[in-house]
Amino acid sequence: MPAHIVPIAASLWMRRCSLALAALAGVSLVLMMALVFIAVVLRYAFGLPLLGVNEIVQLLSVAVVMLALPSCTAEGAHVGVDILDRRIGRWGRYAGDLLSRALSVWVISVLVGRAVLKALDAREFGDATNMLQLPIWPFYAMLAAGMALCVAILVVQALLILLQGPRDDS
Amino acid sequence: MTPELFGFLGIVYLFALMVLRTPVALAMLITGFGGMYLLEGPRAAGAVMLTEGFSAVSSYSLIVVPMFILLGNVSSQAGFSRALYDAAFAWVGRFRGGLASASVIGCAVFSAVSGSSVATAVTLGRVALPEMRRLGYGPALSTGAIAAGGTLGFLIPPSTGFVQYAVLTEESIGRLFVAGILPGLLLTALFLVTVWLVTLRDPAAGPRGEAVALAERFRILGRAAPLLSIIVISIGGIYAGIFTPVEASGVGAGLVTLLAFVRRAITLEGFRRAVLETVKTSAMLYMVVIGANVLNPFLAVTHIPATLGEAMVGLHLGPYGTLALIILAYVVLGMFLDGLSMLVVTIPIVFPVVIQLGFDPIWFGVVAVIVIEMGMITPPVGLNVFVVKGIAEGVPMTTVFRGVFPFLIAMIVALVLIIAFPAIATLLPDTMFG
């Protein structure tokens with residue numbers, strides 16, 4: 001079995017996972033839009049303010065970003081500067097791609113670790129939002145999960161780059 | 001090693017990472033975290049990263065980003081941009097260069113539902129470029145008008161540029177949105193004058209289109225009326241003080257979605273695509289904010305902004321001389337960095353200097369956004385030029401850059417006017433917010 005079959009299979013599996021999470025992010029976005037819209041209509045048309053809607057919307061925005069981030073990472077959709085791509089040559093691009101992923105994996109892993117600890121703390125101490133008393137820990141957990149999947153995606157990307165070796169196309 | 005030298009090395013490291021193809025958001029995150037790790041220890045670095053990361057993704061004011069992107073994407077999927085373009089063409093198409101003028105107007109109006117210059121250029125470019133080619137427009141004028149017109153998306157509210165600036169400087173998003181209205185209209189007018197001057201010099205570049213009867217013009221305008229009404233409600237609502245920017249974005253996105261479904265202008269599949277596109281773009285933008293939020297404490301700890309400010313003041317160039325130096329630096333950086341990256345990397349350093357010089361932060365936001373817009377159409381890295389080149393098959397890149405050149409001059413004129421008459425940017429927010 002060729003060595004790169006495993007990372008390719010892992011990459012395809014992660015892509016499916018990230019797409020499923022992106023779909024959940026989409027649902028959160030539509031919910032967020034509907035909530036803001038309904039809250040405005042109720043307040044202005046019927047004089048019925050929806051209390052605490054800000055808190056729900058803020059937490060939904062955590063879901064939108066963190067559930068969509070793995071898909072963004074898998075598709076390489078992060079904005080970058082590619083002006084010197086040709087100048088640094090194939091070995092420069094190869095080294096840069098590996099270094100970039102290695103450093104990103106290190107830093108994001110630290111963030112995942114901190115987020116897990118924070119989620120556990122928030123759960124233990126019952127941290128909640130001010131008005132609706134919504135528990136905050138699931139949203140730290142979501143941050144940890146989204147970032148953790150990004151780490152996994154970056155590791156698989158690094159493996160694929162390593163196995164493919166330096167390439168002429170940028 | 002002094003903190004200042006450490007900070008300077010951090011900036012060099014940040015640029016080195018970007019050259020080595022690290023995405024801007026991750027380059028900032030790595031530099032910010034790494035710098036804090038070395039200066040303050042792993043515990044503080046981790047705490048800063050988690051706190052800043054969570055506060056960015058749960059920020060209430062940043063919710064305008066996904067909402068307004070959704071508004072633009074649904075409008076685009078539902079084909080409402082076509083109605084805008086048709087309406088603009090019906091009214092100005094019979095003039096020389098009318099199609100190019102219609103494209104600029106279409107871009108300006110679409111900018112009021114889209115916060116992105118690329119989205120504006122792509123959406124209007126797909127509609128307008130084939131029409132201009134059909135009528136025998138010069139490729140330089142047609143592509144130049146779309147590439148330059150698209151940059152209005154970054155200035156006319158809702159603008160992602162203003163949202164990012166507001167987050168980085170803790171200024172009011174509503175004030176910045178309102179401040180962008182008059183400069184946006186001024187720039188649109190200057191772009192129209194540019195089209196007129198180009199076609200005056202070379203009438204073959206923009207032949208006249210067929211005249212449309214007055215009754216027909218109103219009928220076509222009527223087709224664009226629902227989207228125009230949504231723009232008036234959401235942006236006008238902010239100006240009138242009825243909505244906060246977040247409410248305006250939710251109302252705008254909600255209304256456009258309802259409109260698209262009621263008119264059967266969008267399918268469920270089209271809506272799904274618009275939503276998925278929105279969440280991915282939003283995640284990318286939020287990641288940039290997270291990166292900037294982690295980088296900023298590192299820069300603050302190393303006193304880089306303060307040191308740079310003192311150095312600039314030490315040059316004794318006076319406020320406007322220093323401002324000219326900053327703008328020049330932006331123009332040069334704009335040739336190599338995309339707008340968003342430039343904004344998040346430079347504002348934390350430049351903003352304290354600008355405030356120290358006594359300039360209005362809202363006014364500077366408008367100036368910075370216009371200079372960044374210029375970077376979107378200047379070689380070698382002109383993002384909008386690349387985008388338009390991708391749509392305009394067979395048109396060489398040099399032709400597109402030649403086409404945007406007159407519009408670049410219009411932008412410089414707009415910039416000079418806004419610097420000479422700051423009220424162009426500050427009048428509306430001062431009138432509205434006091």
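Okay, a definition to start: a residue is buried when its relative accessible area is under 20%, exposed when it is over 50%, and partly exposed in between, using a 1.4 Å probe and protein chains only. By that rule B:Arg264 is exposed, at 76%.

Now, this is a predicted model, where local features need pLDDT of at least 70, side-chain atom pairs count only at pLDDT 80 or more, and totals for chains, interfaces and linings use all residues. Residues are numbered from 1 along each chain as its sequence is written, chains are lettered from A and ligands numbered from 1 in the order in which they are written, and side-chain values use heavy atoms, with hydrogens and water left out.

On to confidence: pLDDT is the predictor's own confidence in each residue, from 0 to 100. Chain A averages 90, and 95% of its residues get to 70 or more.

Next, chain B and its loops. Helices here are DSSP runs (H or I, at least four residues), as strands are (E, at least two), numbered from the N terminus. Back to B:Arg264: you'll find this residue in the loop between helix H13 (245-262) and helix H14 (268-301) of chain B. Its phi is near 55°, positive even though the residue isn't glycine.

B:His303 also isn't a glycine, and has a positive phi of about 60°. B:His303 sits in the loop between H14 and helix H15 (304-314) of chain B, and is partly exposed at 38%.

Last stop, B:Pro158, in the loop between helix H8 (139-150) and helix H9 (160-169) of chain B. The bond joining B:Pro157 to B:Pro158 is a cis peptide, with omega about 0°.
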